[in-house]
Amino acid sequence: MSWHATILTLFPEMFPGPLDVSLAGRALRDGKWRCEAMDIRGFATDRHRTVDDTPFGGGAGMVMRPDVADAAIAGAMAGGETEGDTRPLIYLTPRGRLLDQAMVRDFAAGPGLVLLCGRYEGVDQRVIEARGMREISLGDYVLSGGEIAALALLDACVRLLPGVMGAAESAVEESHSAGLLEYPHYTRPAEWQGRAVPPVLLSGHHAEVDRWRRAQSEAVTRERRPDLWNRMQVAGAQAPA
Ligand code: ADE
């Protein structure tokens, strides 16, 4: 059985979208993963296909009804699986835990994901609790819905599936997994608009190149992402103080 993504959304036409091209698209056509988008509105029960309602307690915006979201989740889980569906159930929301590469690695190693994309103000909290959903955020900014976050999460997972990435991309992945930002890259020409490539990269000394790259990675991580840098120190990775 290939890695199976089911996306619950009000805009199923957004999938696979950009995941139909490049690496993920080829993997999709090769059957290395499956992408199934289900329209939440199809699980509404009234004449008007209502999926949302005004928030109790007042306030702006609309909230997705728990009964409709729950029916959609049941529909996703019943999607032809023989045994119980063990895929993690994820609700994409700016209130969630921040997605990181360790979570992505975990998800890619599993059977797939069921992703609930919210619109409006959010989803009734009771269905999130009742279904034991994991709330995940892409970052500290607000998207107009979970769909673009779902596409990003799926892209990050799919590239890690066996046989999807070439050897070159795999090496890049390893450097990212080290918990540091990447060193800068250069290619021909060796001089461009009066700017020279760092001489060490033309030296042919592999150990020197490795040392330089490591130092660049550490400097850029310390400067741009003190959070990552401090986490590395705490984790006891070998890094100078
Ligand atoms: N939906 C809206 N904003 C989001 C974000 N930052 N991450 C995940 N899902 C979202």
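How many nonpolar, polar and charged residues does the shell around the ligand have? By class, that shell has eight nonpolar, five polar and no charged residues. In this classification Ala, Val, Leu, Ile, Met, Phe, Trp, Tyr, Cys and Pro are nonpolar, Asp, Glu, Lys and Arg are charged, and the others, Gly among them, are polar.

The structure is a predicted model, in which local features need pLDDT of at least 70 and side-chain atom pairs count only at pLDDT 80 or more, while totals for chains, interfaces and linings use all residues. Residues are numbered from 1 along each chain as its sequence is written, and side-chain values use heavy atoms, with hydrogens and water left out.

**Overall architecture**

The secondary structure of the chain comes to eight helices and 10 strands. These elements are DSSP runs numbered from the N terminus, with helices being H or I of at least four residues and strands being E of at least two. Along the principal axes, the C-alpha atoms of the chain fill a box of roughly 70 × 45 × 40 Å. The chain has 241 residues, of which buried residues make up 36%. Here, buried means under 20% relative accessible area, exposed means over 50%, and partly exposed lies in between (1.4 Å probe, protein chains only).

**The ligand and its surroundings**

There are 13 residues around the ligand, and T93, L138, G139, Y141 and L143 come nearest. A residue counts as near a molecule or strand if one of its heavy atoms lies within 4 Å of it. Strands β5 (89–98) and β8 (134–137) each supply at least two residues of the shell. The largest share, three residues, comes from β5.

| Residue | Protein atom | Ligand atom | Distance |
|---|---|---|---|
| T93 | backbone N or O | nitrogen | 3.2 Å |
| Y141 | polar backbone atom | nitrogen | 2.8 Å |
| L143 | polar backbone atom | nitrogen | 3.0 Å |

Taken alone, the ligand exposes 260 Å², and the protein buries 96% of that. Accessible areas come from the Shrake-Rupley method with a 1.4 Å probe, and for residues only the protein chains shown count as cover. The space taken by the ligand is the largest pocket. On a 1 Å grid over the protein atoms alone, a pocket is an open set of points with protein on both sides within 12 Å along at least five of seven lines, whereas a cavity is a set of points where a 1.4 Å probe fits but cannot get out; lining residues have an atom within 4 Å of a point. A molecule sits in a cavity or pocket if more than half of its atoms lie within 2 Å of its grid points.

L138, one of the residues that come nearest to the ligand, is found in the loop between β8 and α5 (147–158). L138 counts as partly exposed because its relative accessible area is 27%. The C-alpha atoms of L138 and L153 are separated by 8.0 Å, with the two residues 15 apart along the chain.

**Backbone features**

Most residues other than glycine have a negative phi, and most peptide bonds are trans. A cis peptide bond joins F15 and P16, with omega about -5°; P16 is found in the loop between β1 (3–9) and α1 (22–29). Another cis peptide bond joins R188 and P189, with omega about 0°, and P189 lies in the loop between α6 (167–177) and β9 (191–192).

S22, in helix α1, has a positive phi of about 60° although it is not a glycine. S22 counts as exposed because its relative accessibility is 59%. Q193 likewise is not a glycine and has a positive phi, of about 50°. Q193 is placed in the loop between β9 and β10 (195–196) and is exposed, with a relative accessible area of 64%.

**Further residues**

V51 is found in the loop between β2 (33–39) and β3 (52–53). Its relative accessible area is 0%, so V51 is buried. E218 belongs to helix α7 (residues 206–224) and is buried at a relative accessible area of 9%. A polar contact of 2.7 Å joins the side chains of E218 and R214.

Methods. A polar contact is a pair of N or O atoms within 3.5 Å; within protein, one must be able to donate a hydrogen and the other to accept it, and residues adjacent in sequence count only if both atoms are side-chain atoms.
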